[in-house]
Amino acid sequence: MKKLNFKQAFSCARTEFVKWVCDARMMILGVLLIFIYSFAIEPLLKNAEEMGEPLNILEPFIAIANSGAILLIIPLVFLTLIADFPKIDTNTVFYIIRVGRVNWLLGQIIKLVMMALSYLAFIFAGAVIPMIGRGFWYNGWSNVATQFAVRFPEKSGNFGVQLLPENLYNQLTVFSAAIQSYLLVFAYLMIIGLLLLAFSLVKKKTMGFVLCGAVISLGTAFCSIKTVLMWSMPMANSIIWLHFTKYFRQPVVSLGFSIGYLCTFIAVLIVFCVAAIKKFNYDNVAEIAT
């Protein structure tokens, strides 16, 4: 077995990442941004206009990363964009033989990290750029987030109000909420990608794709009915406001638990992938796609 070579692994990841970025499926991101703007940013802007006060520039992104409905769409779109990950054909097999199994696997994991980070960066930019010149940059919540329901009690059920619940602004600062939301959703996307990778290496990619869909849909269902089972799924563990009550500091479930859960899930999948690549059979490569 060839020695671990980070330079080779990164070169492999970079080449495949560029191909992924240039894929025609990236047009889906435009539709995603339109959906996000209509579903999350526009309601917040309407509240801000009605109140006559600006939003914090980061609040739309925090709302996006903590909305159950949007967190159903974000991983589903990501799953669509990486549907052929990892791409293994006859040419890829020759490449695996040349660079070594473990180096190729490391390259795929690096590529997955790059895909997840860039995907979230695109969403972050899509949420922040429309706010430039219309909001403020400060580590504090806007009056629109904290006072709208008080000033307009008859509109307390407003969807814009629900996007930024008390569980967020009473418990965390804006910068903390934004950073933690980004990292937790990133971990969620990594789990989706690693599931695809793991099942591809045992030539059960279709099963892996179905399992990813099940993880996303079950997580959404459990979160919607607020059952304790939701903490068995990555989705609940990636939504910050679910960890807190509206007013008290005592968490419902600690963020430490969720970080440990997500990291352990990722680590187990990586260990499984390492074991699978060592036993990977080059025969019948076409089976990877099914």
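**Helix packing**

Q: Is the crossing of α10 and α13 left-handed or right-handed?
A: Helices here are DSSP runs (H or I, at least four residues), numbered from the N terminus. A crossing is left-handed if the near helix is turned anticlockwise from the far one by less than a right angle, and right-handed if clockwise. For α10 and α13 the crossing is left-handed.

The model is predicted: local features need pLDDT of at least 70, side-chain atom pairs count only at pLDDT 80 or more, and totals for chains, interfaces and linings use all residues. Residues are numbered from 1 along each chain as its sequence is written, and side-chain values use heavy atoms, with hydrogens and water left out.

Q: How are α10 and α13 oriented to each other?
A: Axes are lines fitted to C-alpha atoms over the stretch in contact, and angles run from 0 to 180 degrees between N-to-C directions. Helix α10 (residues 174–201) and helix α13 (residues 255–278) pack at about 25°, with axes 9 Å apart. Angles under 35 degrees count as roughly parallel and over 145 as roughly antiparallel. The two helices, α10 and α13, are therefore roughly parallel.

Q: How are α4 and α11 oriented to each other?
A: The axes of α4 (residues 70–81) and α11 (residues 205–225) come within 10 Å and cross at roughly 175°. That makes α4 and α11 roughly antiparallel.

Q: Which residues of α4 make the contact with α11?
A: Contact means heavy atoms within 4.5 Å. From α11 the contact takes F209, C212, G213, I216 and T220. From α4 it takes L72, P75, L76 and L79.

How values were computed: Angles under 35 degrees count as roughly parallel, over 145 as roughly antiparallel, 65 to 115 as roughly perpendicular and the rest as oblique.
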